[in-house]
Amino acid sequence: MTVRVQRTFEFDAPGERVWEFISDPGKRAEAISVVERFEVGESGDRATWHITLPIPVISQTAEVETRDVVVDPPQYVKFVGKSRVMRVTGEHTVERVDDSSCRLVNEFVVDGRLPGVERFFKKNLDRELRNLERALRRELELTA
């Protein structure tokens, strides 16, 4: 089973400011609660997530190797993450509403490779997207 979630957030901020956050693999990783730690590669388009899922089959931290596969500044980034436990695809599109506001369209697809992974994300992917939204709103407030 594949889990797919799409959510749109509206921001009273120019799209370029939202792009600065959403195009950064480290900032995206930092917002996800199951990511215990991460490293961003030197090229800036790759990151390794060390995730812990509360699933009996997984007794240790799993590494998810992510990389940006499409980057079209300042409006679109798509990344793919692969590991022994799952494959994740994330797409983020920044849409301009006017000079001072925008919307961010987010789509995540998770394919589990072990029992329980999809069930966990089906139950928790909305929460993870809310975490991403909160982190982005905090960032916008700090840089206002």
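Student: How many residues of strand β5 are buried?

Tutor: The model is a predicted one. Strand β5 covers residues 76-82, and a residue is counted as buried when its relative accessible area is under 20%. By that cut-off the strand is mostly covered, the number of buried residues being five of its seven.

Student: Which residue in β6 stands opposite Val77?

Tutor: Val77 belongs to β5 and has Val71 opposite it, where β4 (residues 62-72) pairs with β5 in the antiparallel sense over seven bridges. β5 also pairs with β6 (residues 86-98), again antiparallel and over seven bridges. In β6, the residue opposite Val77 is His92.

Student: How many residues lie between β5 and β6 in their hairpin?

Tutor: β4 and β5 form a hairpin with three residues between them. β5 and β6 likewise form a hairpin, and the number of residues between these two strands is three.

Student: Is Ser101 buried or exposed?

Tutor: Ser101 lies in strand β7, which spans residues 101-112. Beyond its neighbours within four places in sequence, Ser101 contacts Phe11, Asp12, Ala13, Pro14 and Arg96. Its side chain also makes a polar contact of 2.9 Å with the side chain of Asp98. Because its relative accessibility is 11%, Ser101 counts as buried.

How values were computed. Residues are numbered from 1 along each chain as its sequence is written. This is a predicted model: local features need pLDDT of at least 70, side-chain atom pairs count only at pLDDT 80 or more; totals for chains, interfaces and linings use all residues. Side-chain values use heavy atoms; hydrogens and water are left out. Helices (H or I, at least four residues) and strands (E, at least two) are DSSP runs, numbered from the N terminus. Buried means under 20% relative accessible area, exposed over 50%, partly exposed in between (1.4 Å probe, protein chains only). A polar contact is a pair of N or O atoms within 3.5 Å; within protein, one must be able to donate a hydrogen and the other to accept it, and residues adjacent in sequence count only if both atoms are side-chain atoms. Contact means heavy atoms within 4.5 Å. Two strands pair if DSSP finds at least two bridges between them.
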